[in-house]
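Subject: Structure for you to look over

Hello,

Here is the structure I promised to pass on. Please open it first, then read the notes below it.

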Amino acid sequence: MTGGSLAIVGLGPGPAKWLAPEASAALEAASDIVGYQPYLDRIPQRPGQQRHGSDNRVEIRRARDAVAMAAQGGRVAVVSGGDPGVFAMAAAVFEAIEAGEPAWRALDITVVPGISAMQAAAARLGAPLGHDFCAISLSDNLKPWDIVQRRLRAAAEADFVIALFNPASKARPETIHLAFKLLRGCKAATTPVAFARAIGREDERIVLITLGDAEPSIADMSTLVLIGSSETRFIERPGGPPWLLTPRTYGAGR
Ligand SMILES: C[S@@+](CC[C@H](N)C(=O)[O-])C[C@H]1O[C@@H](n2cnc3c(N)ncnc32)[C@H](O)[C@@H]1O
């Protein structure tokens, strides 16, 4: 090993203003940037810097390649959208290290946090995550659908606010419908729901609705879906859409 480094960098949900200064510095310092191609496209090209773009489905291979490059002496940055620790590259890199060469464990590795889509969406909506919440990915690429269902049921039963990542894709348009069917069976139809699409980007779109009236097919791979708890409510306001609030105290209004 020749003393390279590996930064696992969160790019935030989209706009440059939501990129942390530490993330910008790590990107500037990198000799090689590794990531899913659309994320690489968001980063200004710098002279002398090599880019290694790949398909979204090859996370572990991409992580292994990045670690190997760092072990060869590269100053490597692996990028993720949002936060790299939330359904993203940080876990893939540490899985590669756990299964890889013993020398990889001595590498200089930094995880640089980013704003998760969940936080960015919550900020747009008001304060939907003001009390206990959980995040569930609806993708069944890396886990069986049975587990997704079990977690949705348990989250509804425990009255968490639920943030749904990866709600649907072209290959699996039905998962969000199945999730809504399940949740409608165990939560009130009046539960507030937000579809927060492409937050921070030009094509941002927010739909506020109730669980009973929601049309799940509006969710795509750029959408984060928030399902309220029994305490979550809309605060109506003049001249704009309502705010979404999950109060800090549970059960105060009962
Ligand atoms: C593989 S996960 C990555 C999550 C990311 N690491 C994070 O912290 O936000 C991708 C999912 O994040 C959500 N997402 C990412 N960017 C988003 C944005 N700008 N607006 C809404 N949802 C977004 C969508 O649910 C998308 O399917």
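**Overall shape**

A compact globule of 254 residues would have a radius of gyration near 18 Å, and the protein chain has 20 Å, which agrees. Please keep in mind that this is a predicted model. The C-alpha trace spans about 60 × 40 × 35 Å along its principal axes. The chain holds seven helices and 13 strands. Of its 254 residues, 44% are buried. Now take contacts between residues at least 6 apart in sequence: 67% of them join residues at least 24 apart.

**Helix α1**

Start with helix α1, residues 21–29. Which of its residues are buried? They are Ala 23, Ala 26 and Leu 27. These three cover an arc of only 100° around the axis, so they sit on the same side of α1. Pro 21 and Glu 28, on the other side, are exposed. In general, an α-helix has 3.6 residues a turn, so residues three or four places apart point the same way.

What covers the buried residues of α1? The cover includes four strands by name: β1 (5–10), β2 (32–36), β4 (75–80) and β5 (108–112).

Leaving out residues up to four places away in sequence, Leu 27 touches Val 9, Leu 11, Leu 19, Ile 33, Ile 43, Arg 46, Gln 49, Ala 77 and Val 79. Take Ile 43 from that list. Leu 27 and Ile 43 are 16 residues apart in sequence, and their C-alpha atoms are 8.2 Å apart in space.

**The second largest pocket**

Seven of the lining residues are nonpolar, two are polar and three are charged.

You will find Leu 19 in the loop between β1 and α1. Is Leu 19 buried or partly exposed? At 22% relative accessibility, Leu 19 counts as partly exposed. Its contacts, not counting residues up to four places away in sequence, are Gly 10, Leu 11, Ser 24 and Leu 27. Val 9 lies 10 residues from Leu 19 along the chain, with 9.7 Å between the two C-alpha atoms.

**Helix α4**

Helix α4 covers residues 89–99. Its buried residues are Met 89, Ala 90, Ala 92, Val 93, Ala 96 and Ile 97. Their arc around the axis is only 165°, which puts them on the same side of α4. On the other side, Glu 98 and Ala 99 are exposed. The cover over the buried residues includes β1, α3 (59–71), β4 and β5. Strands β1, β4 and β5 are also among the elements that cover the buried residues of α1.

**Ile 227**

Next, go to strand β11, residues 223–227, where Ile 227 is found. Ile 227 is buried, with a relative accessible area of 0%. What does Ile 227 touch, not counting residues up to four places away in sequence? Its contacts are Phe 160, Val 161, Ile 162, Leu 164, Phe 180, Leu 183, Lys 187, Thr 191, Pro 192 and Val 193. Val 161 is 66 residues away along the chain, yet its C-alpha atom is separated from that of Ile 227 by 5.8 Å.

Most residues other than glycine have a negative phi. Two residues here are worth checking against that.

- Asp 159 is not a glycine, but its phi is positive, about 60°. The residue is in the loop between α6 (145–157) and β8 (161–165). Asp 159 counts as buried, at 15% relative accessibility.
- Ala 198 also has a positive phi, near 50°. Its loop runs between β9 (192–197) and β10 (205–210). Ala 198 is buried, with a relative accessible area of 1%.

Best wishes

Methods. Residues numbered from 1 in each chain as written. Predicted model: local features only at pLDDT ≥ 70, side-chain atom pairs only at ≥ 80, totals over all residues. Heavy atoms only, no water. Nonpolar A, V, L, I, M, F, W, Y, C, P; charged D, E, K, R; others polar. Buried < 20%, exposed > 50% of the residue type's maximum accessible area, 1.4 Å probe, protein only. Helix = DSSP H or I, 4+ residues; strand = E, 2+ residues; numbered from the N terminus. Arc of directions from axis to C-beta. Contact = heavy atoms within 4.5 Å. Rg over C-alpha atoms; globule rule 2.2 N^0.38 Å.
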